[in-house]
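Grab your viewer and a pencil. Here are a few geometry exercises, each with a worked solution.

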Amino acid sequence: MAAVRVLRSTAPLLLPSNKGSGTMTLVRKYRPVSSRIFCTGGRVVLLASLPALSYLGYRVCRRACPEAVVYALDKDEEVLERADYLYSCGETEKLYQLLAQHQNSDNAEFLWRLARACRDLAMFRDTSAEDKKRLTYEAFDYAKAALDQNEACFAAHKWYAVCLSDVGDYEGIKVKIGNSYIIKEHLERAIELNPKDATSIHILGYWCFAFAELPWYQRKIAAALFASPPNATYEEALEYFLKAEEVDPNFYSKNLLMLGRTYLMLKDKEKAGLWLSRARDYPAHTEEDKQVHKEASDLLKKLQG
């Protein structure tokens, strides 16, 4: 029998998580959602990877009306609702177990979520190196399958790009650089399909920033491997970070930090200070937020020193 769901326009409720993995430090009150990427990690350079993505957060894709809306769900939609609820609570193992039952599905919505769940498991601190590699490739396979099933699914493109970046860590420098072109193409396609997805825009900005700050010796290595190696400018990175903020203001502490860092690279200390202050003052609900707070504070001290 189809389920009946009632949606209400309510604000997210932030609660401390009791999960011990260290990858989730907040719980949001359940609402229908789509995927959102939280990027962590230090300096990103060509021979490393895209931002090392930690536990993936949770954003509302559909805006519920103030009035209650009631409608029926079919069986697949019920499973997806359950999956999104488990994701919002940080129940990664349960989420994986649920979605693994649909690993042979021809529904891209199951497959990109399964790719994301595999990747989250791979990012757990207590995951062994062997299991991390296995899960990384498993995530890529599911992301590819999602894309094969539905080329018009923006989340499939986003997760394909993210997972392709991950497998590059095991494939060698030449493959990793070559993948950078493909990663950018899929991020651009994700944004084309859903211009309101702030996280895809943010990741593309991070991609530009990484290549803009590439040291000369790594540029030399890239030039030796490819006639036209990937390149970008800080101005391009800034455009994407600002666009992400326009689409979803204050959606992510790391985007505020990257705006500050980009303005620093562009020698605009006044605007750098503004964005770094916002990053520092962002409520630290997650471990990544705390890292952002520290980095922003350190940069502000140097800027004001």
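The exercises below cover a helix packing and some aromatic pairs in this predicted model.

**Exercise 1.** Work out how helix H6 and helix H7 are oriented to each other, and which residues make the contact.

*Solution.* Start with the axes: those of H6 (residues 173–193) and H7 (residues 198–212) come within 9 Å and cross at roughly 150°. Angles over 145 degrees count as roughly antiparallel, so that's what H6 is relative to H7. Next, handedness: H6 passes H7 in a left-handed crossing. Now list who touches whom. H6 brings Ser180, Ile183, Lys184, Leu187, Glu188, Ala190 and Ile191, while H7 brings Ser200, Ile201, Ile203, Leu204, Trp207 and Phe211. Sort them by class and you get nine nonpolar, two polar and two charged residues.

**Exercise 2.** Classify the ring pair of tyrosine 137 and tyrosine 170, and say whether each residue is buried or partly exposed.

*Solution.* The structure has seven aromatic pairs, and this is one of them. The ring centres sit 5.9 Å apart with planes at 45°, so call the pair tilted. Then place the partners: tyrosine 137 is in helix H4 (residues 129–149) and tyrosine 170 in the loop between H5 (154–167) and H6, 33 residues apart. Finally, accessibility: tyrosine 137 comes out at 26%, so partly exposed, and tyrosine 170 at 33%, so partly exposed.

**Exercise 3.** Do likewise for phenylalanine 140 and tyrosine 160.

*Solution.* With 5.3 Å centre to centre and 40° between the planes, this pair is tilted. Phenylalanine 140 belongs to H4 and tyrosine 160 to H5, so the pair links parts 20 residues apart in sequence. Buried means under 20%, so phenylalanine 140 at 14% is buried, and so is tyrosine 160 at 12%.

Key:
Residues are numbered from 1 along each chain as its sequence is written. This is a predicted model: local features need pLDDT of at least 70, side-chain atom pairs count only at pLDDT 80 or more; totals for chains, interfaces and linings use all residues. Side-chain values use heavy atoms; hydrogens and water are left out. Axes are lines fitted to C-alpha atoms, for helices over the stretch in contact, and angles run from 0 to 180 degrees between N-to-C directions. Helices (H or I, at least four residues) and strands (E, at least two) are DSSP runs, numbered from the N terminus. Angles under 35 degrees count as roughly parallel, over 145 as roughly antiparallel, 65 to 115 as roughly perpendicular and the rest as oblique. A crossing is left-handed if the near helix is turned anticlockwise from the far one by less than a right angle, and right-handed if clockwise. Contact means heavy atoms within 4.5 Å. Ala, Val, Leu, Ile, Met, Phe, Trp, Tyr, Cys and Pro count as nonpolar, Asp, Glu, Lys and Arg as charged, and the others, Gly among them, as polar. Rings of Phe, Tyr and Trp (its six-membered ring) pair if their centres lie within 6.5 Å; planes under 30 degrees apart count as stacked, over 60 as edge-to-face and the rest as tilted. Buried means under 20% relative accessible area, exposed over 50%, partly exposed in between (1.4 Å probe, protein chains only).
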